[in-house]
Amino acid sequence: MELGKREMELLQKINFIRTCGTEEEKKAAGILADEVRAIGLEPTLETFEVERWDVKKVSLVSKGKSWEVTGYGMSGSTPEEGITAPFAYVQEAEDVDLVNAKGKIVLVNGRITDKVYPRLVKAGVLGFITFSGNIVDEREKTDLDERNLRDWATKHGKIPGVNMRAMDAIELVNSEPETITLTLVQEEGTATSQNVVAELPGTDPRGETIVFGAHYDSVPFSHGVYDNGAGSVIIMELLRYFKVNPPKRNLRFAWFGSEERGLLGSKAYVEAHKEDMEGISLMVNVDVAGPVLGKDSAAITGDISLCHMVEYLSKEVGFPLLVKQDIYSSDSIPFADNGVPGINFCRFGAPGGANIHCRHDVMDALAAKNLDATTQFILTFCQRIVNSVVFPVPYKMPQNMVEAVDKYLKKENKDKEKDKKDNKESK
């Protein structure tokens, strides 16, 4: 439990909102860097640019009523006075929903996806509205999501958009407004984010490297202790152990910024270290941990033999663990995209037992003994693999995992667009 208590102490130090590209994220990076120095190593802060926006004015008005909304970052701006246009609820924004959507402001179910957004652009809508939360939410106990368009959307063009509460969306639709006025004025630009990186040379001259990663940023409104301050403190303990117990293989520890904005920190890291990818034998990622009520899992983006190894180990030491061969939406993805096998350790909260991406991601749902238990199993696994006589993980990416990573990164859509272009040019 000594280890778990120390983890909780460090977790408390970064127990504040720390979103992409902000001074708070930079402050958290500094706290982690200081902890690395206290262990006896000098970390490197690797900076990279991220998109940032500042919403100056946002509103949605219909029939004289003003609705609570947040503006979509990077979706462009309306004129200062806003845009007034006919309103339509287009549900899933299928083609049939959008037949008469040109020149309208439309309400779409849920989120903007890579399939929905191009259809909105093609249909010629003037503005869009999404909704979040639940129609039974209590307004004073919940926060309204702040969202942004990512590059896969903005390459099609920019449509000003806002997000509202589900409870308000149902009232808006029921009121059947003929027209609606949407105003969004924002300044768009860039800001600086950073990864914290520490190197621990191995005693084996062959030069194989294992990367340990966790993201330390949070989403708006969230203190992000479960997601993913917990993973950040776990890999800090792994660093502490291997500093005292020199590893056979080279170890690299990376605390990634801006994961919540689309794995930006790990993408930037991989891009900056392209020449190192062939020398990395495995990426061990820890994302979400610590809930009192929950279950431990391992998602392995690599050869099925690694699944067997982890599952056998869990049975050997008596640690309950669900193991599957799959991708995981976190910082192992950019490594997998470059052929590096990955393993993602997580302790998911049981339904109703922990919350992410909201104000309720707080310390109360976590326990030192759970952090300790997860860390001890990951350490047991790492002791074996880091110091193995022959590295047991095949350095290859199975085809099913290649396809899963490509789909996650929307490469499939890019290939289809290229095929369409090539077909047109050949006619």
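**View 1. Secondary structure and overall dimensions of the protein chain.** The secondary structure of this predicted model comprises 12 helices and 14 strands, where helices (H or I, at least four residues) and strands (E, at least two) are DSSP runs numbered from the N terminus. The radius of gyration, taken over C-alpha atoms, is 23 Å, close to the 22 Å that the globule rule gives for 427 residues, so the chain is as compact as a globular protein of that length; the rule itself is 2.2 Å times the number of residues to the power 0.38. Along the principal axes, the C-alpha atoms fill a box of roughly 70 × 60 × 35 Å. Residues are numbered from 1 along each chain as its sequence is written, and side-chain values use heavy atoms, with hydrogens and water left out. Because the model is predicted, local features need pLDDT of at least 70 and side-chain atom pairs count only at pLDDT 80 or more, whereas totals for chains, interfaces and linings use all residues.

View 2. Of the 427 residues, 53% are buried, meaning under 20% relative accessible area, with exposed set at over 50% and partly exposed in between (1.4 Å probe, protein chains only). Among contacts with a separation of 6 or more, 81% join residues 24 or more positions apart, a contact being heavy atoms within 4.5 Å.

**View 3. The surroundings of Gln 194.** Gln 194 belongs to strand E8, which covers residues 179-200, and is buried at 4% relative accessibility. Leaving aside neighbours within four places in sequence, the contacts of Gln 194 include Glu 25, Lys 26 and Ala 29, as well as Glu 46, Thr 47 and Phe 48. Also among the contacts of Gln 194 are Tyr 216, Trp 255, Phe 256 and Gly 257.

View 4. A search of the whole structure finds 0 disulfides, a disulfide being a pair of cysteine sulfur atoms within 2.5 Å. For Cys 20, the nearest cysteine sulfur is that of Cys 358, 19 Å away, and Cys 20 is itself buried, at 3% relative accessibility. For Cys 382, the nearest cysteine sulfur is that of Cys 346, 14 Å away, and Cys 382 is likewise buried, with a relative accessible area of 0%.

**View 5. Ile 170 in helix H5.** Ile 170 lies in helix H5, residues 166-175, and is partly exposed, with a relative accessible area of 43%.
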